[in-house]
Amino acid sequence: MSAQREMKEKNPWHTPVTIIITVIGVIAIVALVTVAVLQNRPVPQKYKYGIVLDAGSSHTALYIYAWPAEKDNNTGRVQQTHSCKVKGKGISSYASEPLKAGESLKLCMQEAEQKVPRKRHHQTPLYLGATAGMRLLNMENSKASEKVFQAVGAALQKFPFSYQGARILSGQEEGAFGWVTVNYLDDRLKQGLETIGALDLGGASTQISFVSDNYDGSESPSNSVTFRLYGNDYNLYTHSFLCYGKDQVLRLALAHQTQSGPTTILDPCFHPGYTETKNYSVLYDSPCVSDRKPLEDPVTFIHNGQGNFQQCQEVVKSVFNFTTCKYSQCSFNGVFQPHLQGPFGAFSAYYFVMNFLNLTDTSIPLETVKEKLTSYCATPWKEIVKQHPNVKLSYLAEYCFSGTYIITLLTEGYNFTSKSYSDIKFIKKIKGSDAGWTLGYMLNLTNMIPAEAPDTPPLPHAGYVSIVTVMALLLFILFIVSLRPLWPSCSKQPQIV
Ligand SMILES: Nc1ccn([C@@H]2O[C@H](COP(=O)(O)OP(=O)(O)O)[C@@H](O)[C@H]2O)c(=O)n1
Ligand SMILES: [Ca+2]
């Protein structure tokens, strides 16, 4: 009995020091694990918002962007959370009734009020950028364009957002911000990867923007935009061709065909059997074509389709000027263009048209694309209408022309070859956000892309917490092991006799 008591008294685990150390150790482990778990628990995410209105020549669209509020600007990913297509035409079409331009935006703005949490309304910046439609109106009638902007500004200021103004983007801005958008969405900038070129086709202008290794900006400086983003320097080539959006080129092509004065034209870019009586005044109602207006013309002309892709290409080629180039190389109209380089993303009308024609797959050889267009254009109008009962006739009539224009612009205009054609991807969205200039515009105006790479800690937070926990556990085990001489099994067992 006394021997047993002696043993109990000598059991080192029962000394107050070991008990205290063990308790502290256990508490420390529990505390560490709790901290590690709590720190990495997903917290409900709060977002900040930004709204951009793209006032294009054919229509206006509203985009809402959101990004995590907690993370600083350098790490938060901006995403499109909502878009709204404004009913009716572009704001430039309201030149004679500017107030209606403002009114047209109301429904989409009300939708934005619903989509952005009320608490965030006041700190949500709201921008409106207008492109080629307003550029043309401004050239034609600057007073009318001012009035449209006044009306649009007054309408937008009635909403609870932080209105940042409405303005016309320059062609360079439109091209460069489109390039920023696609490269930002594809994560090319932060990682300093090879960039994607951007091809944007609108109704009234078209943009091409890309980085080329043998272009330093010295030849034709007006085509050069330099950026420093996340610590990398970019020398971007960009050009915007005003009047070379697909709607203006259609006018140019028609003007070309009606110039010699016949009141009936047989248009190879429209389907056989298509026939419409059109107004000359509507055709020439644009600064892109007004200088080609014949002095005397009848009020109307009859527009008949013929459906011949090859001849249509000849008509389209006639709207490009290839005769002069004062630089080492040009695209068309005497505009400098360096050697094409790298993958390209083609969006906006490039996508809409090629998607309608089932030609977005650029692994289809260019020759096959041309064959498909040849057979599509040659399909009688009646059949086309039967095949697409839900497409508006005015849009449906133009796909043969638009497809032909796209292929001609890419190959004859920009010099894409049968080989480099496959470098192009026709895209609508990247990771859920629309490709277009609006996101790049907002990122720039909110300084959301830093010039220098952010200083990142060598370890991510979770890695840091895990390593500290593991090290602490190891130290604790080491400590316990160092007490080994005091362990009951190691201490001399009392002999019980
Ligand atoms: N679903 C759609 C939407 C637009 N589009 C065309 O895409 C072009 C968009 O041009 P835009 O209004 O942005 O004009 P710009 O100001 O960029 O020149 C227009 O030619 C529209 O007709 C289309 O083909 N299908
Ligand atoms: Ca556009």
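The paragraphs below lead from the overall architecture of this predicted model to its ligand shell, its annotated residues and a few backbone details.

Residues are numbered from 1 along each chain as its sequence is written, while chains are lettered from A and ligands numbered from 1 in the order in which they are written. Because the model is predicted, local features need pLDDT of at least 70 and side-chain atom pairs count only at pLDDT 80 or more, whereas totals for chains, interfaces and linings use all residues.

The secondary structure of the protein comes to 17 helices and 16 strands, where helices (H or I, at least four residues) and strands (E, at least two) are DSSP runs numbered from the N terminus. Of its 497 residues, 37% count as buried; a residue is buried if 20 or more other C-beta atoms lie within 10 Å of its own, exposed if 12 or fewer, and partly exposed in between, with C-beta atoms placed from the backbone. Among contacts with a separation of 6 or more, 77% are made by residues 24 or more positions apart, a contact being a pair of residues whose C-beta atoms, placed from the backbone, lie within 7 Å.

The domain assignment gives domain 1 (2-41 + 459-486), domain 2 (44-168) and domain 3 (176-436), with bounds that come from an automatic or database domain assignment. Between domain 2 and domain 3 the C-alpha centres lie 26 Å apart, and 15 residues of domain 2 are in contact with 14 residues of domain 3. On the domain 2 side of this contact, the elements that give two or more residues are strand S3 (79-85) and helix H5, and the largest share, six residues, comes from H5. By class, that side has four nonpolar, eight polar and three charged residues, where Ala, Val, Leu, Ile, Met, Phe, Trp, Tyr, Cys and Pro count as nonpolar, Asp, Glu, Lys and Arg as charged, and the others, Gly among them, as polar.

Ligand 1 lies between domain 2 and domain 3, because both give residues to the shell around it. There are 19 residues around ligand 1, of which Gly56, Ser58, Gly202, Gly203 and Phe352 come nearest; a residue is near a molecule or strand if its C-beta atom, placed from the backbone, lies within 6 Å of it. Helix H5 (132-140), helix H8 (246-258) and helix H11 (349-356) are the elements that give two or more residues to this shell, and the largest share, three residues, comes from H11. The shell residues divide into five nonpolar, twelve polar and two charged.

The UniProt annotation "binding site", from an unreviewed entry, covers Gly203, Ala204, Ser205, Thr206 and Gln207; UniProt positions are given in the numbering used here, feature names are shortened, and annotations may be inferred rather than shown by experiment. Within this stretch, serine 205 is found in strand S7 (residues 205-211) and counts as buried because it has 25 C-beta neighbours inside 10 Å. Leaving aside neighbours within four places in sequence, serine 205 is in contact with residues including Thr131, Ala132, Gly171 and Ser240. Glutamine 207 also belongs to strand S7 and is buried, with 28 other C-beta atoms within 10 Å. Beyond residues up to four places away in sequence, glutamine 207 touches Gly171, Glu174, Gly175, Gly178, Asp200, Thr238 and Ser240.

Glutamate 174 sits in helix H7 (residues 171-185) and is buried, since 30 other C-beta atoms lie within 10 Å. Its contacts, not counting residues up to four places away in sequence, are Thr131, Leu169, Gln207, Ser240 and Trp437.

Strand S7 runs antiparallel to strand S9 (residues 232-242), to which seven bridges join it; two strands pair if DSSP finds at least two bridges between them. Strand S8 (residues 224-229) pairs with S9 in the antiparallel sense over six bridges. Tyrosine 237 in S9 stands opposite phenylalanine 210 and is also the bridge partner of serine 224. In the hairpin of S8 and S9, which has two residues between the strands, tyrosine 230 takes a positive phi near 50°.

Positive phi values also occur in two loops. Asparagine 333, with a phi of about 55°, lies in the loop between helix H10 (309-317) and strand S13 (344-348) and is partly exposed, with 17 other C-beta atoms within 10 Å. Asparagine 415, whose phi is near 75°, lies in the loop between helix H15 (399-413) and strand S14 (424-426) and counts as partly exposed, with 15 C-beta neighbours inside 10 Å.

Terms used:
Two residues are in contact if their C-beta atoms, placed from the backbone, lie within 7 Å.
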